[in-house]
Structures are given as C-alpha cells and as structure tokens.
Amino acid sequence: MIFQIQILKDHFNMKKLPKTYSNILLKNGYLIINSENYGSIEWIKNLIIKTIKKNVKKFDGELNNLHKFVSIKKLNKIRMSVYNTINKNTELKKKYFSVCNNVIDELVGNELAIQKKINISFQLPKDNSSLLSLHSDVWSGDSPYEIVVWIPMVDVYRTKSMYILPQNKYSKFLNTLKKLKNKSSNQLYKKLKNDFIWLNLKFGQILIFNQTLPHGNVINEEKTSRISLNCRFKGLFTPYGTKTLGDFFEPFSMKVISKIGTNYKLPKL
Amino acid sequence: MKKVKGYISSRKVFGNFYPQKVQNLVIRDYCKRKKYFFLFSSVEYSINKSYLIFEELLENIDKVKGIVCFSIFQFPLDNKIRNNMFNKIIKKKKFIDFALEEISIKKKVDILNVNELATIRYEDEIKKK
C-alpha cells in the first residue's frame with residue numbers, strides 16, 4: 001500500500017495529466033462510464049427480469065418495484081435462484097465484458113481472469129438483511145490486483161447506491177483505523193462518514209473501482225429497489241489472493257504465446 | 001426457529017487456511033442440524049488482530065438470538081481478551097456457537113469449558129512445534 005501511495009504522489013507531482021481512464025482511476029479510485037454496448041446491458045436486464053418472473057409470478061417486470069412483490073423473508077431464496085440461473089447462461093460473461101471492454105483493456109490488460117460467477121445484489125427499501133458494511137475486498141480474500149465492474153440495473157442514488165472512500169482520503173482512513181483498532185467497523189464508518197462519496201449512476205452507466213479502497217452500503221432508505229451486479233477482472237498471470245484461479249476465478253482471455261508458454265515443458269534427457 | 005448470524009474468517013484459523021466457501025458450508029450444516037435460521041455470514045477483515053467486524057456483530061446482536069462462528073480458533077489466544085468478547089454476548093442473554101468444534105457458550109461456565117479446550121489445543125500445537 002505504501003508503494004501505491006508513492007505512485008500517487010509521483011503522479012500528482014506531474015503538472016498536467018492526460019484524462020485517461022488510468023489517470024482517473026489513480027486519482028479518484030473509481031470511474032463511472034457510459035456502457036460501451038447499450039444492447040448488452042439491456043440484454044442483461046431482460047435476462048434478470050425474465051428469471052425473476054419465473055420465481056415471482058406476479059412481478060410486473062419493473063425492477064424498481066421488486067419490493068412490492070418479494071418479502072424480505074423470501075428475498076435471499078429468490079436472489080440465490082436468480083443468481084444460479086443467470087450464471088448458467090453462457091452468454092452472460094461475454095455481454096458483461098462487452099459493456100466495458102476498452103476500459104478493462106486499458107486498466108487491466110488483455111489477458112484476463114474473470115470471476116466464475118457474477119454476483120447479484122437486491123437492496124430492497126428498509127431491508128437490513130443484506131448489507132455489506134464498510135470493507136475493502138482485499139481484507140476478505142481478494143488480491144489488490146483486481147478491479148470491480150459494478151452495474152446497476154436501475155438508476156441508483158444516495159442510500160440506494162453504494163459509497164466509496166476516494167483515493168485522496170486513504171491516508172486519513174489508515175490513521176483512523178489505527179486509532180479505532182478495538183472498535184467496530186460501524187464506528188469506523190461513522191467516524192469517516194463525511195469522507196465517503198455516494199455514487200449516483202443512471203441505468204446504462206457502469207462503475208469501475210479500485211477494490212482496495214474501503215466501500216460498502218447502508219439500508220436503502222429510498223422508495224424503490226436496487227438491483228445491481230458486480231464482477232471482478234484481473235490480469236490472468238497476476239498474483240491471486242485466497243480467492244484463487246479455479247475456485248473463484250477462471251481464465252477469460254489468453255493470447256496464443258501464453259498458451260504456448262503454459263504448455264511448454266523443457267525436454268528431458 | 002432461532003435466527004443466527006454467521007461469522008467467518010479471511011485469515012488463517014490456527015495456522016490453517018479454510019476457504020470462505022468451506023467455512024460457510026460447515027456453518028450451514030451445523031445450523032441445519034441445530035434447526036437455526038441462518039442469516040448471511042459476516043467476514044472478518046484479514047488485517048492482523050482485527051475484530052472490527054465481530055464488534056459490529058455485537059453492536060447488532062439484538063436482531064438475532066446468537067452468533068455461529070466457524071471455529072473457536074478465530075478468536076484471540078489470550079483467555080482474558082477472549083472472555084471479554086464472549087461475556088458481552090452472555091450479558092445480552094444471547095449465545096455463541098462454534099460450528100467446527102460443535103460447542104456452544106450460553107453461560108459463564110461454558111466459557112471455562114471452552115478455555116480448557118483451547119488451552120489444551122494450544123499447548124498441543126506448541127509441543128508439536
């Protein structure tokens with residue numbers, strides 16, 4: 001992490017930075033882009049709606065209204081069913097990647113590993129059963145060599161969205177963490193509440209963020225439901241955390257010379 | 001059905017690494033046999049000596065009947081520190097179970113039994129080294 005801060009310091013010393021995706025990510029820790037392929041994002045949304053309809057017969061097809069048709073008690077059962085069904089669709093990962101292909105190429109590279117199963121979150125208004133409190137993915141088994149692509153299926157804002165600590169507040173966060181080491185993560189959140197940024201996105205926009213930065217969500221206090229997907233991408237040959245290639249990740253794209261290299265064995269005498 | 005919250009680790013548990021998927025399977029199976037209604041597990045930060053997520057569970061313990069942890073060995077080796085953590089649960093008339101060891105703490109005397117088990121196991125590990 002010290003190394004990362006050093007990179008940023010070096011970076012900010014440069015007078016004028018070209019507005020590349022990489023520079024925005026380094027400076028802010030996240031970027032919001034318009035989908036590179038609107039058709040794909042519509043395809044994903046339709047797949048989710050179709051799958052929910054199979055589980056919830058009366059569902060009207062409007063994801064914002066999901067809370068009107070699903071009780072919080074049955075929510076996880078339905079979420080798991082939708083999660084398993086959509087992940088059986090072999091097109092899903094290709095469509096997912098196509099919404100941010102060029103950005104991933106610039107930020108991560110073109111030999112990629114992808115999460116084996118794309119996560120889906122349902123945040124119904126007032127539901128406190130599926131919260132993800134303040135965390136960094138790296139603190140729970142992911143490696144710092146990964147990027148998260150987060151796609152909301154509805155417009156998201158304020159508590160219907162998620163929050164993230166911007167890069168320039170990270171040093172302050174580390175100091176606060178040291179001071180509050182015997183407290184709870186909730187107390188840590190409260191202490192830094194004003195430093196977090198709530199991310200507002202319209203349907204069709206994509207959030208890409210550095211998962212080493214602390215982030216999370218709170219109870220959705222808005223009137224409508226949030227449905228969002230998240231998936232991690234990383235360089236295929238970069239270090240893995242405890243979520244490894246095979247159990248959590250799978251190869252997504254691999255160049256021919258890497259295939260030759262991984263299959264090559266020195267001759268035996 | 002008693003509602004319980006899971007608590008798993010992203011650090012090594014007593015020198016062994018257990019994937020989160022496996023920890024959750026053990027907890028889920030335990031809850032099924034105990035007829036508990038299992039809510040999601042909270043994952044402790046991998047930062048060394050962090051119990052920030054456990055402390056958050058304690059803050060919200062009124063929403064559930066108890067906590068089911070993967071193992072007793074997710075907790076500090078020091079008996080005093082561990083006792084303090086478990087006492088907070090008992091004071092609120094809740095319970096804490098450890099799925100791998102299949103033990104439960106509901107009363108003060110249970111903490112003593114758990115400490116005995118933990119001490120023997122620690123000593124055994126030290127001797128092996």
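The legends below describe close-up views of a predicted model. Local features are given where pLDDT is at least 70, side-chain atom pairs count only at pLDDT 80 or more, and totals for chains, interfaces and linings use all residues. Residues are numbered from 1 along each chain as its sequence is written, chains are lettered from A and ligands numbered from 1 in the order in which they are written, and side-chain values use heavy atoms, with hydrogens and water left out.

**Figure 1. Chain A as a whole.** Chain A has nine helices and 10 strands; helices (H or I, at least four residues) and strands (E, at least two) are DSSP runs, numbered from the N terminus. Its C-alpha atoms fill a box of roughly 65 × 50 × 40 Å along the principal axes. Of the 269 residues of chain A, 49% are buried; buried means under 20% relative accessible area, exposed over 50%, and partly exposed in between (1.4 Å probe, protein chains only).

**Figure 2. The largest nonpolar core.** A nonpolar core is a set of buried Ala, Val, Leu, Ile, Met, Phe, Trp, Tyr and Cys residues joined through side-chain atoms within 4.5 Å. The largest one has 106 residues, and those with the most contacts inside it include A:Ile48, A:Met153 and B:Phe54. Helix H3 (residues 38-55) of chain A gives the largest share of this core, six residues. In soluble globular proteins, nonpolar side chains tend to be buried together.

**Figure 3. A salt bridge within one helix of chain B.** B:Arg33 and B:Asp29 form a salt bridge, with the closest N and O atoms 3.0 Å apart; such a bridge is a side-chain nitrogen of Lys or Arg within 4 Å of a carboxyl oxygen of Asp or Glu. Both residues lie in helix H1 (residues 20-34) of chain B, four residues apart, about one turn of the helix. B:Arg33 counts as partly exposed because its relative accessibility is 47%, and B:Asp29 is partly exposed at 40%.

**Figure 4. A salt bridge between two loops of chain B.** The side chains of B:Lys92 and B:Asp62 meet in a salt bridge (3.9 Å, N to O). The pair links distant parts of the chain, 30 residues apart: B:Lys92 is in the loop between helix H3 (79-91) and strand E4 (95-98), and B:Asp62 is in the loop between helix H2 (52-59) and strand E3 (66-69). B:Lys92 is partly exposed at 40% relative accessibility, whereas B:Asp62 is exposed, with a relative accessible area of 55%.

**Figure 5. A salt-bridge network in chain A.** Salt bridges that share partners join A:Asp137, A:Asp142, A:Arg232 and A:Lys243 into one network. Over all chains, the whole structure has 14 salt bridges.
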